[in-house]
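User: Could you walk me through the nonpolar parts of this structure, inside and out?

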Amino acid sequence: MEKLINDFSFGLFFWQVILFIVLLLLLRKYAWNPILDAINEREEGIKNALDEADNARQEMAELKSSNEKILKEARAEREVMLKEARSMKDTMITEAKDEAKSQADKIIVQAKAAIETEKQAAITDLKNQVAELSVEIAEKVIKDELSNKNAQIKLIDKMLDDATLN
Amino acid sequence: MQQFLRQFNLFTMQHKFFVTIMTVTLFLFNFNSFAQHNEHENESGEKSLKEKIKEDIQHHLLDSHDFTFYTDSETGKSTGFSLPIILWDNGLQFFSSSKFHHGETVAENNGNYYKLYHNKIYKTDINGSIELDSHDHPTNAKPLDFSITKSVVMIIVTGVLMLLLFGGLAKSFRKGPIATGVGRFFEPIIIYIRDDIAKPNIGDPQYKKYMPYLLTIFFFVWFLNLFGLTPLGVNVTGNIAVTFALALLTFVITQVSGNKNYWKHIFWMPGVPWPMKIILAPIELLGVLIKPFALMIRLYANIMAGHVVLMSIIGLMFIFQNWIGSSLSFFLAFALSLLELLVAALQAYIFTMLSALYFGFAVEEHDHEEAH
């Protein structure tokens, strides 16, 4: 300890304090403050650039997702439209079919009715003709038969039988 | 708590280093005693070599009034340059150190006579007689010595070097955000000091005020430590006056920036019963003084011990003067030089780190007094 105090040089201490303070002030003004400011500024710049890049990436992602959404929507719309068209075609076909069927049915019914009427008309006609023919035949027969008395009675009986049967 | 742990770690680190130094020194002393044993049988020539080495080491550790690069011991001629002597002795005395002729002659200035004795200037009569007391201390008057010594020259050289390096770095930043030139190498260190020393120890908004001091002290101590390892052989940071000045600056800045909380923790420790407060106050007050004192001694002792051990091992090369011993000493000196390079940076780091820690204590805001 005594050696330490003995070695202590006041002059050196004095110069060290003065020179160090001068050095500190000079360096603070001309070196440390500009350097620290520059480093800070650079760090801020880097941070901002990174933030910006991040934002841009996010925007890109958003854009991409919105694009995809639009595409998806379009696709879905097309699907819906196709489906609609298909169902419309189906309904049209069925409708046409039904229409045709009902038309056909109608025609058939009409035809049947016409046939029936024709048939009735024909039957009536035939009946009339048969009746006329019968009358004619009857006239002829009767003309022949009425010359014979027996044959007249026989005929009348027979006709009566027939009439009761009817 | 974390900060205490970190300090503890630093101390253990220190401790390990001291153990290494002690081991090496013990080893060295063993060799020395061995050598001494041999010497008694030898002639006086061998003995004078050993004494010369011892003198050289002593001389190297001390500051000097002239800048000597090397001395030829046979012719007694030394190469170097003289430095100005500035004394305060009834007015300013200003003359060149060449007047002393390396302490051999009496220097005369304005009718006053001065003589160098153990690197210190004493006022004498015309014959240069130095009167010694019973403890071998000179009783002559000692004028106040403000000379530009070897150490002061090295401080100025380091200062100019720092101004050039960091001024250049600042200038290169003016051109763009990427530094160019030599200063570029120091940029990561500056960022390291900001992010790993100042910010965690002092706290975020307050640290800015202390950055210039922390940066200056780190590079100043580091560069001077490194200069000490060059063959220039200057031992500036291993000088107690220099480390005292640095520790004093840290001490003054700490006390000046101490806030209400800091003083409260010293004089009236919160969170303990009042009798403890009274006991703690002197202890804390003592701690305030011990902290910078430890800072001063740590740097001084580490650098001085490094120089002593390194020079002793280099000296051993000449004492052994044989193939095995000298080459062994050479490799030991080489390994130790590498260790000293590490110590140079480490001591600068520790000084900066602890300064930051003390500033941190001074500006800390305690809203959570029960938490620690």
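**Nonpolar surface and core**

Analyst: Happy to! Trp268(B) sits in the loop between H7 and H8 of chain B. Please keep in mind that this is a predicted model.

User: Is Trp268(B) buried, partly exposed or exposed?

Analyst: Buried would need under 20% relative accessible area, and exposed over 50%. Trp268(B) has a relative accessible area of 42%, so the residue counts as partly exposed.

User: Which element gives the most residues to the nonpolar patch?

Analyst: The patch covers about 650 Å² and is made by Trp263(B), Phe267(B), Trp268(B), Trp274(B), Ile278(B) and Leu285(B). The top contributor, with 3 residues, is H8(B).

User: Now to the inside: which element gives the most to the largest nonpolar core?

Analyst: That core has 84 residues, and Ile35(A), Phe166(B), Ile190(B) and Phe219(B) have the most contacts inside it. Helices of both chains each supply at least two residues, including H2 (10-145) of chain A and H3 (150-175) of chain B. The element that gives the most, with 15 residues, is H5(B).

User: Which residues of chain A does Phe166(B) touch?

Analyst: Leave aside residues up to four places away in sequence. Within chain B, Phe166(B) then touches Phe186(B), Ile190(B), Phe219(B) and Phe223(B). Its partners in chain A are Leu27(A), Ala31(A), Trp32(A) and Ile35(A).

User: How many residues does the second, separate core have?

Analyst: Among its members are Ile85(B), Leu87(B), Phe100(B) and Ala107(B). The size of this second core is 8 residues.

Terms used: Residues are numbered from 1 along each chain as its sequence is written. Chains are lettered from A and ligands numbered from 1 in the order in which they are written. This is a predicted model: local features need pLDDT of at least 70, side-chain atom pairs count only at pLDDT 80 or more; totals for chains, interfaces and linings use all residues. Side-chain values use heavy atoms; hydrogens and water are left out. A nonpolar core is a set of buried Ala, Val, Leu, Ile, Met, Phe, Trp, Tyr and Cys residues joined through side-chain atoms within 4.5 Å. Buried means under 20% relative accessible area, exposed over 50%, partly exposed in between (1.4 Å probe, protein chains only). Helices (H or I, at least four residues) and strands (E, at least two) are DSSP runs, numbered from the N terminus. Contact means heavy atoms within 4.5 Å. Patches are made of residues with over 30% relative accessible area and no salt bridge: like charges are joined within 9 Å, nonpolar side chains (Val, Leu, Ile, Met, Phe, Trp, Tyr) within 5 Å. Accessible areas come from the Shrake-Rupley method with a 1.4 Å probe; for residues, only the protein chains shown count as cover. A salt bridge is a side-chain nitrogen of Lys or Arg within 4 Å of a carboxyl oxygen of Asp or Glu.
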